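Hi everyone, thanks for making the time.

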Amino acid sequence: MSDAAGTDGDRRLRVDLDVDPTGDRACPIVSEADEAAAVAVNAVGDECVVDVTTPDGEVRRGTGEVDADCLCHAFGRLGYVPHFRRVEDGTILVTAYVDDRADVRRLVEELRGVVDRVRLVRLAVVEGPDATEQVTFDLSALTPKQRRGLELAVVRGYFDDDRDVRLSELADELGISKSALSQRLRTAQAKLVTDVFDGAEG
């Protein structure tokens, strides 16, 4: 499974996602607490055991049944290892390491089949055998509209060299004009680039 920079030290992408599990399935990650500062998952066979540490330090254990629609299985089907960071208001922050932007799209699409909502929060380029993060793109600095536009553009492959999606198609999907989406993407990209170079100074 893909993780960090791998054993060969190749360049990878770290992707942080906010995930809202489906309301009709009792995922043990969120069934014990809506807020968690740490999450430990152990899924073996048909049973999933989760230990969540609440912000005040209390450890709670939850159990659930493992099936094809489990969040962990969605990552596993694509060969990714999920790292569950925290839970806030029932939303799980989860990290995975992938090889390229196409993998980000595949992961988001796979997760959308088993959860209510997936939001791209952060991308980081990871290089070297020590998995050093060289460049960070923090989407949490963007407005919700900017983040949604940029996330859709990434997922649909708009920034790929061999893209087959048009800006007008993305705008139609968002229900806004082509010019409004173009401006939104330019503003979001400018913010990300500014943050990258500000973080590189010093």
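Let me start with a term: when I say two residues meet or touch, I mean heavy atoms within 4.5 Å. Helices (H or I, at least four residues) and strands (E, at least two) are DSSP runs, numbered from the N terminus. Quick caveats: this is a predicted model, where local features need pLDDT of at least 70, side-chain atom pairs count only at pLDDT 80 or more, and totals for chains, interfaces and linings use all residues. Residues are numbered from 1 along each chain as its sequence is written, and side-chain values use heavy atoms, with hydrogens and water left out.

Okay, helices. The axes of α3 (residues 101-112) and α4 (residues 144-155) come within 9 Å and cross at roughly 105 degrees; axes here are lines fitted to C-alpha atoms, for helices over the stretch in contact, with angles from 0 to 180 degrees between N-to-C directions. So α3 is roughly perpendicular to α4, a label that covers 65 to 115 degrees. Who meets whom? On the α3 side we have Arg 105, Val 108, Glu 109 and Arg 112, and on the α4 side Arg 148, Glu 151, Val 154 and Val 155.

Now the strands, which count as paired if DSSP finds at least two bridges between them. β2, β3 and β4 form an open antiparallel sheet, in that order. Its edge strands are β2 (38-44) and β4 (59-65), each pairing on one side only. Between β2 and β3 (residues 47-53) there are seven bridges, and Ala 38 sits opposite Thr 53 in β3.

Elsewhere, β1 (residues 12-21) pairs with β7 in the antiparallel sense over 10 bridges, with Leu 13 partnered by Val 125 in β7. Buried means under 20% relative accessible area, with a 1.4 Å probe and protein chains only.

That brings us to the cores: sets of buried Ala, Val, Leu, Ile, Met, Phe, Trp, Tyr and Cys residues joined through side-chain atoms within 4.5 Å. The largest has 37 residues, and Val 15, Leu 17, Ile 29, Leu 71 and Leu 111 touch the most other members. Its largest share, five residues, comes from β7. Apart from that core lies another, of 13 residues, including Leu 142 and Leu 170.

Conventions:
Angles under 35 degrees count as roughly parallel, over 145 as roughly antiparallel, 65 to 115 as roughly perpendicular and the rest as oblique. Buried means under 20% relative accessible area, exposed over 50%, partly exposed in between (1.4 Å probe, protein chains only).
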